[in-house]
Amino acid sequence: MKPATPQVVDCRQAGRSMGYVNLHGSMDFEALVGGSVPDGRGGYRFQPGPLLQAMLDGTAIFLDEMNLSEMPEWFNTLLDEGVLQVPGYSDPANGVRQACL
């Protein structure tokens with residue numbers, strides 16, 4: 001297990017919940033943000049991934065090993081813009097904003 005970073009310790013001491021995702025080379029956008037899953041009735045429904053769920057809940061998320069991901073440019077845009085547009089989950093003008101970086 002890796003040592004805790006100061007930000008992780010701060011979240012824990014403040015009593016805030018925090019998600020954790022270990023990124024890897026085969027992690028894709030859908031696994032992180034969300035995608036379609038069977039609904040049990042022969043159709044599909046959208047299920048939020050860990051990043052979108054953290055943003056919706058206003059909780060922090062620790063994205064570990066980002067350098068191993070195939071999505072570094074996408075992350076840069078999200079961090080710069082602070083908005084993730086997801087149909088059905090966001091106001092087109094405002095998007096879903098990240099809660100904690």
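I take buried to mean under 20% relative accessible area, exposed over 50%, and partly exposed in between, with a 1.4 Å probe and protein chains only. This is a predicted model, in which local features need pLDDT of at least 70 and side-chain atom pairs count only at pLDDT 80 or more, while totals for chains, interfaces and linings use all residues. Residues are numbered from 1 along each chain as its sequence is written, and side-chain values use heavy atoms, with hydrogens and water left out.

**Entry 1: Leu84.** I looked up Leu84 and found it in strand β5, residues 83-84. Helices (H or I, at least four residues) and strands (E, at least two) are DSSP runs, numbered from the N terminus. Leu84 counts as buried because its relative accessibility is 5%.

**Entry 2: the core.** I then looked for a nonpolar core, a set of buried Ala, Val, Leu, Ile, Met, Phe, Trp, Tyr and Cys residues joined through side-chain atoms within 4.5 Å. The largest one has 16 residues, and Leu84 is among those with the most contacts inside it, as are Val21 and Leu63. At least two residues of this core come from each of α2 (29-33), α3 (50-57), β4 (60-64) and α4 (72-81). With four residues, α3 gives the most.

**Entry 3: Val21.** I listed contacts (heavy atoms within 4.5 Å). Beyond its neighbours within four places in sequence, Val21 touches several residues, including Met27, Leu32, Ile61 and Leu63.

**Entry 4: helix α3.** I found Leu51, Leu52, Ala54 and Met55 buried in α3. They lie on the same side of α3, because they cover an arc of only 160° around the axis; the arc is that of the directions from the helix axis to the C-beta atoms. Gly58 follows α3 and has a positive phi, near 75°.

**Entry 5: rings.** I searched the whole structure for aromatic pairs and found one. Rings of Phe, Tyr and Trp (its six-membered ring) pair if their centres lie within 6.5 Å; planes under 30 degrees apart count as stacked, over 60 as edge-to-face and the rest as tilted. Tyr20 and Phe62 are stacked, because their ring centres are 5.8 Å apart and their planes are at 10°. Tyr20 is partly exposed at 48% relative accessible area, and Phe62 is partly exposed at 23%.

Entry 6: Strands β2 (residues 34-38) and β3 (residues 44-48) run antiparallel and are joined by five bridges; two strands pair if DSSP finds at least two bridges between them. I noted that Pro38 has Tyr44 as its bridge partner in β3.
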